[in-house]
Amino acid sequence: MNRPRPVEYGDASPDVREVFDDIKTTRKVADVNNFWKYLAGAPTLLKRTWETQKAVLAPGALDRLVKEMIYLAVSVTNGCTYGIACHTALARRAGMTDAMFGELMAVVGMANQTNRFADGYRLPIDDEFNA
């Protein structure tokens, strides 16, 4: 199977351009990043993924900074270098400081370590946590 190729704005179909325009407007950027350009080879997937991500990351009970930091934490845990780079930049744009990044990495590391201990020891769940 050949490696997928990115779809640039000038080569995009009207449906893809519509999604690209929404991404650029929503994120206040001049161009979409590679994630979206590569997904654009499958326009239905591009649109569905953007609409879902836009809805999930919209302001709600959690602000944009917290959501981007969670996205970053999950990207670190999953070992997704692209997600780490992208969501570090987006979290910084939303206000994440170096100190916040350091604490986030400490929490991610500790959570991964203790989760593995709990799984490895096959710990029964305490009654108080099942409420």
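User: Which residues does Gln 53 touch, not counting residues up to four places away in sequence?

Analyst: Contact means heavy atoms within 4.5 Å. By that criterion, Gln 53 touches Arg 27, Trp 36 and Tyr 71. This is a predicted model, in which local features need pLDDT of at least 70 and side-chain atom pairs count only at pLDDT 80 or more, while totals for chains, interfaces and linings use all residues. Residues are numbered from 1 along each chain as its sequence is written, and side-chain values use heavy atoms, with hydrogens and water left out.

User: Where is Gln 53 found, and is Gln 53 buried or exposed?

Analyst: Gln 53 is found in helix H3; helices are DSSP runs (H or I, at least four residues), as strands are (E, at least two), numbered from the N terminus. Buried means under 20% relative accessible area, exposed over 50%, and partly exposed in between (1.4 Å probe, protein chains only). Gln 53 has a relative accessible area of 9% and is therefore buried.

User: What span should helix H3 have, and how far apart are its end C-alpha atoms?

Analyst: The expected span of a helix is 1.5 Å times one less than its number of residues. For the 15 residues of H3 (residues 43-57) that gives 21 Å, and the end C-alpha atoms are 21 Å apart, which agrees.

User: Which residues of H3 are buried, and which are exposed?

Analyst: An α-helix has 3.6 residues a turn, so residues three or four places apart point the same way. In H3, the buried residues are Leu 46, Trp 50, Gln 53 and Leu 57. Seen down the axis of H3, they fall within an arc of 75 degrees (taken from the directions from the helix axis to the C-beta atoms), so they line one face of the helix. Thr 44, Arg 48, Ala 55 and Val 56 are exposed on the other side of H3. The cover over the buried residues includes helix H1 (14-27), helix H2 (34-39) and helix H4 (64-78).

User: How do the axes of H4 and helix H5 cross?

Analyst: Two packed helices are described by the angle between their axes and the distance between the axes. Axes are lines fitted to C-alpha atoms, for helices over the stretch in contact, and angles run from 0 to 180 degrees between N-to-C directions. The axes of H4 and H5 (residues 81-93) come within 9 Å and cross at roughly 160 degrees. Angles under 35 degrees count as roughly parallel, over 145 as roughly antiparallel, 65 to 115 as roughly perpendicular and the rest as oblique. H4 and H5 are therefore roughly antiparallel to each other. The contact includes Leu 65, Tyr 71 and Ser 75 of H4, and Ile 84, His 87 and Ala 91 of H5.

User: At what angle do H4 and H6 pack?

Analyst: Their angle is about 45 degrees, with the axes 10 Å apart. H4 and H6 are therefore oblique to each other. Among the residues that meet are Met 69 and Leu 72 in H4, and Phe 101 and Leu 104 in H6.

User: Where is the place of Lys 28, and what is its phi?

Analyst: Lys 28 lies in the loop between H1 and H2. Its phi is near 55 degrees, a positive value in a residue other than glycine. Lys 28 is exposed, with a relative accessible area of 72%. Arg 122, in the segment after helix H6 (98-120), also has a positive phi, near 50 degrees. Arg 122 counts as exposed at 73% relative accessibility.
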